[in-house]
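Have a look at the model below. This report walks through its helix pairs, its sheets and its ligand site.

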Amino acid sequence: MPRPAAARQIPRSIRSPPAPRLTGPTAPPPAATRMPEFQTQCANLLKARFPLLYLSTWEEERALAAIRAIAQDPALIKTPRTVYVWKQTTGLSADGRPGREETRAPVKALEVVEQTDEPALFVFLDFHAFFGGPGGRAADPAVVRKVRDLVPALKNARSPKNVIFLSPTLVIPPELQKDVTILDFDLPTFEDIKQVLDAMIAANRQSGRIAIELADEDAERLAKAATGLTLQEAENAFARAMVQDGRLDAGDLEVVLEEKRQTIKKSGILEFVSSDVDMASVGGLENLKRWLKRRDKSWLDAARRYALPAPKGVLITGVPGCGKSLLAKAVSASWGLPLLRLDIGKIFHGLIGSSEENMRTAIRTAEAIAPCILWIDEIEKGFSAVGGGNDGGTSTRIFGTFLTWMQEKQAPVFVVATANNIDGLPPELLRKGRFDEIFFVDLPTRAERVQIFRLHMTRRLADATLIDGFALDDATFSALAAATEGFIGAEIEQIVISALFEAYFEDRAVRLDDLLHAVQNTVPLAVTQSEQIRAIRDWANVRAVAATPREHREGYAEPAAAPASAAATSPASAAAALAGADVSADPSAVDVASARGGRTVDF
Ligand SMILES: Nc1ncnc2c1ncn2[C@@H]1O[C@H](COP(=O)(O)OP(=O)(O)OP(=O)(O)O)[C@@H](O)[C@H]1O
Ligand SMILES: [Mg+2]
């Protein structure tokens, strides 16, 4: 599809801040971009005579172009409509003709809507100003009332008519909640962005001001890197890449990515996480790793041949400090997909926008960036208030938005959610069809502790002169694993660090004793939080799959039969004896350390 908008050229002098939009009043409007989903959805709502639609987007011009395209397309909408646009500055006008002066008053404009007797679409820009706002701004009661009065008139009019509110922010006064349908305007597709880039390249090639040294696949990579941005933001990112050194080449990928990171960060809800953690940096949890491995590449076209649905995601619950967050990061690196972190707390308590809008923005951005991993850390913090809240049902509604999305999403956005406190999780979230699987990460077993010690010790003791009297071999790791029954991964890492501190302080190499000493000085979480661990395990035994495979749980009591007496010969008591740790003092702690939870379903 041709893009008539003038492409942006980079002048000799470097501008900052970004250049003014070229799509100003004199520039031709941008072509409606291809967005079949939005088009059909919007057209269906219009045909079905939904009286009031609300589109929240910064991309006013692109949205207007899309609406105009729908209104003129008989294949989509049956009866083509005249599109009227209302702005406070110009009043209600069609086809760029100036409107009548008096329609600048919102109530007057709504009266015209009521009286118009032709198939029409009325787009009101920035009407949120009359709907009140999060900052305590009051709604205009006369306007709100007039909009309500309009609803039956629109529904029963002889000619089809609808009103669309188009604003950068979503504000719906309570009186209108039931009458307004929120419509999501998708971010530009890869193709849209590629067109902008191509146009910019062509324009700057002609002018010769910027050296363009870009192979076709590099251009594609640049455009791909800008997905998730609005067209304007993408254009700014490319412009920045060009002016930085007067050339556009493959090396600019990082500039575009950085610009995107910034832009997404500014939205305040999502954050790009660049992580170098791969699966090999996570000790144990082999069952979960295997399950994930089977889902790698499932977003590729090749998977369609098998008619596979796009994987929805995984919920990882468990004991704190045992590698849940670590694993979420590792999925991204091992699948080679970008990792977006969603801060669920900020959705509800963010300073920007309404909670509902925040959730929609986050989803939309993740879908535009897809394929990607959406990591929701500590999901319970956001959703546990659902149902019991006194926030006028906001959290319930947002939760509903999220659930519906999880259920229906087609875009390859793989959700990795983690939770410690499962009490708060609403049962709907756990229903089949939301997450593909729920895993439980328990205290690492002895076999897993061997791996965790190996990981942290080989990483931190890479310099052989730092080691005194022991080797980085299985015998050492096994001895340490035996001495640390009931320890979590984070405690194991801390033990290695403390030993290093000790040695550094005394200006010598690390001895095995330093490590064992640190073990003795640690009161593990399994002791201080044994009740909580027991509770979460009880929960998980019915609902979640053990992240640890059976072969690594040998010697531990299985969920159904975890007898208190198992302590006598369990690895726990052996370890406690070896380490002389506190574990032996508390029989209930030994019990916690000698069993492992979660259903055994090995993949
Ligand atoms: N299985 C493991 N393998 C390697 N290191 C681990 C493992 N588990 C924990 N660690 C170490 O402990 C640190 C904390 O782990 P992580 O943040 O993944 O825990 P978590 O399960 O997300 O805990 P929380 O519930 O408190 O968020 C990690 O950065 C890592 O160094
Ligand atoms: Mg965590």
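The crossing of H14 and H16 is right-handed. A crossing counts as right-handed if the near helix is turned clockwise from the far one by less than a right angle, and as left-handed if anticlockwise. The element names come from DSSP runs, numbered from the N terminus: helices are H or I with at least four residues, strands are E with at least two.

This is a predicted model: local features need pLDDT of at least 70, side-chain atom pairs count only at pLDDT 80 or more, and totals for chains, interfaces and linings use all residues. Residues are numbered from 1 along each chain as its sequence is written, while chains are lettered from A and ligands numbered from 1 in the order in which they are written.

**Two helix pairs**

Two packed helices are described by the angle between their axes and the distance between the axes. Axes are lines fitted to C-alpha atoms, for helices over the stretch in contact, and angles run from 0 to 180 degrees between N-to-C directions.

| Helix pair | Angle | Axis distance |
|---|---|---|
| H14 (residues 355–369) and H16 (residues 394–408) | about 15 degrees | 9 Å |
| H18 (residues 446–460) and H19 (residues 474–482) | about 125 degrees | 8 Å |

H14 and H16 are therefore roughly parallel to each other. H18 and H19 are therefore oblique. The cut-offs are these: under 35 degrees is roughly parallel, over 145 roughly antiparallel, 65 to 115 roughly perpendicular, and the rest oblique.

Which residues of H14 meet H16? They are Ser 355, Glu 356, Met 359, Arg 360 and Ile 363. Their partners in H16 include Thr 394, Phe 402 and Trp 405. Contact here means that C-beta atoms, placed from the backbone, lie within 7 Å. By class, the contact of H14 with H16 has five nonpolar, three polar and three charged residues. Nonpolar covers Ala, Val, Leu, Ile, Met, Phe, Trp, Tyr, Cys and Pro; charged covers Asp, Glu, Lys and Arg; the others, Gly among them, are polar.

H18 passes H19 in a right-handed crossing. Among the H18 residues in this contact are Arg 446, Val 450 and Phe 453. On the H19 side, Phe 477 and Leu 480 are among the partners.

**Two open sheets**

One open sheet has six strands in the order S3-S2-S4-S5-S1-S6, with mixed pairing. Strands pair if DSSP finds at least two bridges between them. S3 (91–94) and S6 (180–183) are the edge strands.

S2 has two partners to look at. With S3, S2 pairs in the antiparallel sense over four bridges, and a hairpin of three residues joins S2 to S3. Trp 86 has Leu 92 in S3 as its bridge partner. With S4, S2 pairs in the parallel sense over five bridges. There, Val 85 stands opposite Val 123. S4 also pairs with S5 in the parallel sense, over six bridges.

The other open sheet has seven strands, ordered S9-S11-S12-S13-S10-S14-S17. S9 (270–273) and S17 (545–546) each have a single partner strand, so one side of each is left without a neighbour in the sheet. S9 pairs with S11 in the antiparallel sense over four bridges.

**The ligand site**

How many residues surround ligand 1? The count is 18, and the closest are Gly 283, Gly 323, Lys 324, Ser 325 and Gly 489. H12 (324–335), H18 and H20 (489–505) each give two or more residues to this shell. A residue belongs to the shell if its C-beta atom, placed from the backbone, lies within 6 Å of the ligand. By class, the shell has nine nonpolar, seven polar and two charged residues.

Conventions:
Contact = placed C-beta atoms within 7 Å.
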